[in-house]
Amino acid sequence: MSDPDRLQSIVTGRMGMLVRLTSAPGGRAALLDALHRYADGLAEEPGTEAYIVHIDPDDADVVWLYEIFRDSDAQREHQQASGFARLMEELTEVLAAPPGVLRLDPVRMSLQQTILTEELSL
């Protein structure tokens, strides 16, 4: 399979989640700090294939996560990982409401090749 074919692949069998996190008023920075620390340890979770943090442009207290897991076993391993346990402890201190979780079953992914070859500047 050529590289362009790999960038547009069928991802059936994987499990996705969209998670809405609402911080206490003015607490989004602390929430993002906790999520960034967690992301730094994701190498310990090889079944967590994508972890994308989004800020809500319309609500300064909301952060969205989009995650893709290799399969349901990988998602269970994610929930049992020590890094996830630490994150859950931290979130209890910064969230104003329980996370809203929407399970998704991805069927196709398309990724521009330039994202893999160009340096991203933040």
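Which element gives the largest share of the lining of the largest pocket? Some notes while you have the model open.

1. Ground rules. This is a predicted model, where local features need pLDDT of at least 70, side-chain atom pairs count only at pLDDT 80 or more, and totals for chains, interfaces and linings use all residues. Residues are numbered from 1 along each chain as its sequence is written, and side-chain values use heavy atoms, with hydrogens and water left out.

2. Layout. The protein chain has five helices and six strands (DSSP runs numbered from the N terminus: helices are H or I with at least four residues, strands E with at least two). Reading from the N terminus, the order is α-β-β-α-β-β-α-α-β-β-α. Of the contacts with a separation of 6 or more, 75% link residues 24 or more positions apart (contact means heavy atoms within 4.5 Å).

3. Strand 2. Have a look at residues 15-22: six of the eight are buried (under 20% relative accessible area, 1.4 Å probe, protein chains only). Strand 2 pairs with strand 4 (residues 62-69) in the antiparallel sense, over eight bridges, and M17 has E67 as its bridge partner there. Strand 2 also pairs with strand 5 (residues 100-104), again antiparallel, over five bridges; G16 stands opposite L104 in that strand. Pairing here requires at least two DSSP bridges between the strands.

4. The core. The largest nonpolar core holds 21 residues, and L21, L31, L35 and L91 have the most contacts inside it. Strand 2, helix 2 (28-39), strand 4 and helix 4 (82-94) each give two or more residues to this core, with helix 2 giving the most, five. A nonpolar core is a set of buried Ala, Val, Leu, Ile, Met, Phe, Trp, Tyr and Cys residues joined through side-chain atoms within 4.5 Å. Leaving out residues up to four places away in sequence, L21 touches L31, L35, L65 and L91, among others.

5. The pocket. Back to the opening question: helix 4 provides the largest share of the lining, four residues. The largest pocket has a volume of about 220 Å³, and of its 17 lining residues, V19, E67, H78, F84 and M88 are the closest to the centre. Strand 2, helix 2, strand 4, helix 3 (72-80) and helix 4 each give two or more residues to the lining. A pocket is an open set of points on a 1 Å grid over the protein atoms alone, where a 1.4 Å probe fits, with protein on both sides within 12 Å along at least five of seven lines; lining residues have an atom within 4 Å of a point.

How values were computed:
Buried < 20%, exposed > 50% of the residue type's maximum accessible area, 1.4 Å probe, protein only. Points joined across faces, edges and corners; volume = space filled by probe spheres on them.
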